Each structure stands twice: as structure tokens, then as C-alpha cells.
Amino acid sequence: MIYLDYQATTPVAPEVAAAMQPWIEEKFANPHSPSTAGREAAAAIEVARGQVERAIGLDGGTVAFTGSATEALNWALKGTIEGAAPGRNRIITVGTEHAAVLDSCEWLASQGFDLTILPVSPEGLIELADLERELDERVAVVTTMLVNNEIGVIQPIAMIARLAHARGALMLCDAVQGLGRVEIPEGPDLVALSAHKIHGPKAVGALWARKGAEPEALIHGGGQERGLRSGTLSPALCVGFGVAAGLASERCAADDDHVEALWSAAIATLGGRWTINGSVVQRYHGNLNIRREGIDAARLLADLRDIAFSLGSACASGSGRPSHVLRALGLADREARSSIRIGFGRYTTEEELVDALTRIDGTARAQENLAA
């Protein structure tokens with residue numbers, strides 16, 4: 001199988017698997033136990049925490065481990081609203097956000113909080129004038145994704161944070177697709193992350209919070225993570241996340257050069273027969289979301305079972321509905337249903353990418369011939 005679904009998840013790095021193994025087998029102690037083994041596990045988690053914080057590259061805050069980025073985003077939004085000053089009952093987000101943000105915001109709206117969902121341009125980018133017009137003293141939090149999971153566009157996070165802060169609001173950044181791929185800009189008060197998007201294990205995420213901006217606790221129990229997020233941490237998962245974050249930092253330049261070479265090879269292979277969805281310039285080039293007039297993308301996926309690519313977000317691909325991200329760009333349903341997402345990265349070779357895209361292009365051409 002040729003794996004081209006890096007936005008859904010990434011292959012676990014060999015270094016990560018090796019680092020996790022002892023904590024799965026002989027080093028199984030509870031890291032919150034005062035025993036010698038427990039203290040050793042706790043120390044390993046603190047090393048991992050430092051690795052993740054260094055990979056984020058922001059000062060003045062700390063990481064709390066979570067069970068996923070979805071949990072981190074739920075916690076950041078609901079905990080921030082709960083702890084907001086009286087009168088600050090508004091949330092602003094963007095129509096191309098991940099379901100973890102949009103669904104959380106809709107739930108908060110059902111509880112009586114005001115929600116504003118901003119549109120994007122046909123390039124997939126927020127219009128800063130729209131945000132500035134909507135911001136007022138009632139806004140508690142502005143939440144925006146750094147790198148979009150479906151189309152790869154990069155939002156102007158630093159400017160968004162600056163505008164939010166000017167009105168006394170906090171800024172939450174979903175950096176799940178950005179960590180290790182692009183620099184996380186200065187400005188966010190809260191940053192949500194996931195290990196399995198950077199060659200780490202699944203079922204572990206993190207929330208970075210600037211000091212003084214920590215959200216109210218969402219999960220109560222044993223008081224772990226400084227009382228902010230209760231629950232026994234998994235040393236294996238935390239260690240895996242830490243090693244993956246460390247590798248992302250060390251390999252950032254090499255990974256970026258590799259992705260740029262793959263992007264160039266992909267564009268050359270596809271020629272002018274496909275249209276790229278979203279900005280080509282303000283974009284992470286390991287995400288290639290493309291469409292071709294008249295093809296059935298779901299059928300294309302079924303015809304090429306030995307190539308792993310997708311129709312969009314892994315969380316929504318089974319819904320049967322056109323992508324909300326592509327519709328937000330102004331695409332018609334038929335255009336959205338003619339779109340596919342190709343994701344590649346560290347372990348993708350140019351040979352397999354070119355082979356896969358040549359076959360995808362040929363199968364799409366065969367569909368067109370049948371339709372004619």
C-alpha cells in the first residue's frame with residue numbers, strides 16, 4: 001500500500017516505538033505513585049513535557065497532557081468560557097475549523113453563549129476586516145486553526161491573536177496540523193496539539209496554556225496535571241509524544257525540504273488537469289487537496305484500494321455529506337464531491353508519490369471516458 005493520508009494520521013517513527021516499548025512492558029508503574037518506580041515514570045513524563053514545550057517554541061506557558069487534541073480543544077473552549085469575566089459571553093471562530101471546534105462551539109451556543117462563525121475567502125483564508133468588525137468587549141475567545149486539516153491553508157495567527165488581545169479576548173490556536181511542519185507564531189494564549197500527527201502514538205494530545213490563561217478544569221478526579229486535568233497519565237504515550245516532538249524539532253528543516261521536493265514532483269505529475277483547492281501560496285505543501293471536473297471522488301477511492309488517500313477530514317469522511325471546508329470556499333456540492341486530499345511527509349518517497357498520482361490521474365481519466 002502507498003500511504004498518502006498524512007493529515008489523517010502519520011506513521012509512527014521507529015525512534016518513538018523504541019522509546020515507548022520499555023514503558024509498555026517492564027516500566028508499568030503509575031506515575032502518580034510515590035514509589036521509586038512511580039517517581040521514575042513521573043520523571044519520564046516531565047522530560048516528555050519539556051520536549052513538547054520546546055517543539056511548540058512559545059514562552060510563558062506550560063503543557064498539560066490530554067487524551068487527544070479533541071479533548072484539548074473541548075477543554076480550552078468550555079473551560080475558558082466558564083472562567084470568563086462577567087459579560088464576556090461571545091465566541092468567534094471560522095467556518096473551516098475542525099469539527100472538534102465547531103461542534104464544541106455549537107454546544108456552547110446551545111447553552112446560551114453567543115457564537116459568531118466567520119466566512120473565509122475562496123482561498124480559504126480569513127478576512128481580518130471581518131474579525132475586527134465582529135470583535136467587541138463581550139468576546140471571551142477567538143479560535144482559529146493554524147494549518148487547515150483539509151486544504152492545508154495557513155491562517156495569520158499572529159495578527160488574529162493581536163486583534164483578539166486588543167479587545168481583551170483570549171486566542172485559541174488549533175495547531176494539530178502545524179506542529180513540526182510550520183512555525184507556531186507568537187500570540188496564542190492556548191494551543192491544542194496531537195501526537196499522532198507528528199509520527200507519535202494515538203490517544204495522547206496536549207494543551208499549551210499561557211500562564212494566567214489556563215482554562216477551568218473539564219475533568220475532575222485525582223487532581224493530576226496541577227489540578228487542571230485529572231486522570232492517570234500513560235508514561236508510554238507521553239514518552240512517545242515527547243520523542244516525536246523532539247524529532248519534529250530536530251528534523252524540521254530536512255522534513256520541510258523533503259515535502260517541498262514532493263510537492264514539486266506532485267504538481268509536475270498532475271500537470272494542469274487538476275485544480276488545487278485553497279491558497280497555493282499561504283499553504284503547507286504536504287497537503288494537496290485537488291479536484292477534477294466531473295469525476296466521482298468516492299468511486300476513485302474505491303477503485304484504488306491499495307493507495308491510501310481521502311476525500312477530506314477522516315472524522316467526517318463517512319458522513320456522505322460534502323466537506324464543509326470545501327463548501328466554505330464557495331465550491332458547489334458537485335465540485336466538493338470531485339475533490340480528493342493527498343497527504344505526504346517524512347516517510348513518503350518521490351517514486352511512490354509519482355506512481356500513486358499517475359494511477360489516480362489515469363483512473364480519473366478512465367472515469368471521464370466512460371462518462372463520455
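Me: Which residue caps the N-terminal end of helix 3?
Reply: In this predicted model, local features need pLDDT of at least 70, side-chain atom pairs count only at pLDDT 80 or more, and totals for chains, interfaces and linings use all residues. Residues are numbered from 1 along each chain as its sequence is written, and side-chain values use heavy atoms, with hydrogens and water left out. Helices are DSSP runs of H or I with at least four residues, strands are runs of E with at least two, and both are numbered from the N terminus. A side-chain oxygen placed 3.4 Å from the backbone nitrogen of Thr 70 belongs to the capping residue, Ser 68.

Me: What distance does helix 3 reach from its first C-alpha to its last?
Reply: Helix 3 covers residues 69-82, 14 residues in total. The expected span is 1.5 Å times one less than the number of residues. For helix 3 the expected value is 20 Å, and the helix comes close to it, reaching 19 Å.

Me: How many of the 14 residues of helix 3 are buried?
Reply: Buried means under 20% relative accessible area, exposed over 50%, and partly exposed in between (1.4 Å probe, protein chains only). The buried residues include Trp 75, Leu 77 and Ile 81. Helix 3 is largely enclosed by the rest of the structure, because the number of its residues that are buried is 11.

Me: Is Glu 225 buried or exposed?
Reply: Glu 225 lies in the loop between strand 8 (205-210) and helix 7 (235-250). Although not a glycine, Glu 225 has a positive phi of about 55°. Its relative accessible area is 9%, so Glu 225 is buried.

How values were computed
Polar contact = N/O pair within 3.5 Å; in protein donor to acceptor, adjacent residues only side chain to side chain.
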